[in-house]
Amino acid sequence: MRLIIQDTYAQAASWIAQYVAHRINVHTKEKPFVLGLPTGSSPLGIYKELICLYREGKVSFNNVVTFNMDEYIGLHSSHPQSYHTFMHDNFFSSIDIRPENINIPNGLAEDVSEECLRYEEQIAKYGGIDLFLGGVGEDGHIAFNEPGSSFQSVTRVKTLTQPTVNANARFFDDKPGLVPKKAITVGVATIMQASEVVIMVNGHRKARALQQAVEGAVSHMWPITVLQMHPKGIIVCDEEAVSELRVGTYKYFKDIERVVN
Ligand code: GLP
């Protein structure tokens, strides 16, 4: 696993955006590049930077297919806090992606189990995900795979834990009661099957999750630790997030990246 430590969140976001753009650009044009995408505050800077790269003509999303990680159950796609709205407002409306290439789970599907199966089949139809971009929750959850999620899990319905509901209440007028209690989420295995996984970890409140991700033992109680098992996993973090790492760990990854670059 690579750990890229950047001074600031803006630099971390820029690093990831350039990495993603590079991956899209070197990809063969015959087959679309399949990109897994997250929501939340962590990717906002990445989306801003990718939009800038698109406007500067440095990347195009014309041959990119996207799969979002998750969606709340019970929110209409036009609801201001649905992940459909988030992705449209913060990314898709500002780039040249083809609408038919956007995939987000349907949280209003009549048969949600069927919707989960369909989502996995759709990913498989494109030959799997080339690069899954993600964030992490304070408790180490990835997508909505809360602590205790099976590492073999695929797209399914998950009940959100109270800490996640509380953390996400900031998008619902600080009212936890308004946060949906269930979501459709890709599974841990869905993420692990991607050819590459890049996770943004920023800010003090993610310091413990980062420490577990890098120094902790692989455990379903910290789903992010599964990244240690991925052949091409990258965590990009800012200085604020490293406060729980041992000094030796911090120096080790800084040194390695100095040699890589
Ligand atoms: C939600 C999302 C995750 C995201 C996490 C952290 O639970 N389902 O995909 O990584 O929140 O969000 P933030 O980046 O806002 O801290």
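**View 1. Cys237 and Cys116 in the predicted model.** Cys237 is buried, with a relative accessible area of 0%. Cys116 is buried too, at 5%. Buried means under 20% relative accessible area, using a 1.4 Å probe and protein chains only. The structure holds 0 disulfides; a disulfide is a pair of cysteine sulfur atoms within 2.5 Å. This is a predicted model: local features need pLDDT of at least 70, side-chain atom pairs count only at pLDDT 80 or more, and totals for chains, interfaces and linings use all residues. Residues are numbered from 1 along each chain as its sequence is written, and side-chain values use heavy atoms, with hydrogens and water left out.

**View 2. The shell around the ligand.** Of the 14 residues around the ligand, Ser41, Ser42, His141, Arg170 and Lys206 come nearest. A residue is near if one of its heavy atoms lies within 4 Å of the molecule.

View 3. A polar contact is a pair of N or O atoms within 3.5 Å. Lys206 places a polar side-chain atom 2.8 Å from a ligand oxygen atom. Backbone atoms take part as well. A polar one of Ala143 is 3.2 Å from a ligand nitrogen atom. For Val136, a backbone N or O atom lies 3.3 Å from a ligand oxygen atom.

Definitions and conventions: Buried means under 20% relative accessible area, exposed over 50%, partly exposed in between (1.4 Å probe, protein chains only). A polar contact is a pair of N or O atoms within 3.5 Å; within protein, one must be able to donate a hydrogen and the other to accept it, and residues adjacent in sequence count only if both atoms are side-chain atoms.
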